[in-house]
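Please look at the model below with its aromatic rings in mind. The text after it goes through them step by step.

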Amino acid sequence: MSTKRKFVADGCFYAELNELLTSELAEDGYAGVEVRTTPHRTNIIVRATRTQNVLGEKGQRIRELTSVVQKRFNFDEGAVELYAERVQNRGLCAQAQAESLKYKLLGGLAVRRACYGVVRFVMEASAKGCEVIVTGKLRGQRAKAMKFGDGYMIKTGHAGEVYTDTAVRHVLMRQGVIGIRVSIFLPQDPQGIIGPKIPLDDVVTIMEPKEEVSAETLLQQQAAKIAAAEAAMAAAAEPAAPVEPVADVPGAY
């Protein structure tokens, strides 16, 4: 298989797998999937907020999902394995918040109240910024878009790719489909746990100034250096002492 075909095949596999898990684990706080390929086995890590529900009773549900993936993508027996991983901070996970907002709207909560609740929860989770966009027939027959935001948000450039986590969901309401887009601007984390390691381009860090040395100390250091240099020159200019010849001692040999 050529490199181009392999990239396309990997992308199709990831897209279909993500769609399957999104529909199957939506109520369990599904927050993304990671595929790790080794020569002998393919490990699929499913990230969710409620991992116990993903595993099921005595691991039954995760085994069922493993069987479905294995049969759909023609994996050999034991060649694919699914694992569940808990999301460390669900307030900084856009997919988890989009699913939460989706079920709030399906439950009949008012759009404005639901969106402001999500924005407040995200900002309390130490995010730098948050934006929620809801479009569709929110009230009445006329479709419109509502935008709710707080904090700092960069959408373009490298920072927009690295720092912004975005998720889109479609809510099938009785009056029509409502679209949800949740964008979270992550904080900078030197450990790389809750956010990217690299700092933003426009962040300026002012270092502490070095301790200043007084003028008297500098003069003393210079005088000591000059004295040491003069002493070394004087020692080099002194003539060497003559070496006296050693008299032959009879019977020494």
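The model is predicted. A search of the whole structure finds 5 aromatic pairs. One of the pairs joins Y152 and F185, with 5.5 Å from centre to centre and 85° between the planes. Planes over 60 degrees apart count as edge-to-face, so this pair of Y152 and F185 is edge-to-face. Where do the two residues of this pair lie? Y152 is in the loop between β5 (144-151) and α6 (157-163), while F185 belongs to strand β7 (residues 176-185), so the pair ties together parts that are 33 residues apart in sequence.

Are these residues buried or exposed? Y152 has a relative accessible area of 35%, so Y152 is partly exposed. F185 has a relative accessibility of 0%, so F185 counts as buried.

F185 also pairs with Y163. The ring centres of Y163 and F185 are 5.5 Å apart and the planes are at 20°. Planes under 30 degrees apart count as stacked, so the pair of Y163 and F185 is stacked. Y163 lies in helix α6 and F185 in strand β7, so this pair ties together parts that are 22 residues apart in sequence. Y163 has a relative accessible area of 2%, so Y163 is buried.

Another group of rings remains to be described. F13, F73 and F75 are linked into a cluster by ring pairs. Which residue lies over the face of F73? R72 does, at 5.0 Å from the ring centre.

Key
Residues numbered from 1 in each chain as written. Predicted model: local features only at pLDDT ≥ 70, side-chain atom pairs only at ≥ 80, totals over all residues. Heavy atoms only, no water. Phe/Tyr/Trp six-rings, centres within 6.5 Å; stacked < 30°, edge-to-face > 60°. Helix = DSSP H or I, 4+ residues; strand = E, 2+ residues; numbered from the N terminus. Buried < 20%, exposed > 50% of the residue type's maximum accessible area, 1.4 Å probe, protein only. Lys NZ or Arg CZ within 6 Å of the ring centre and 35° of its normal.
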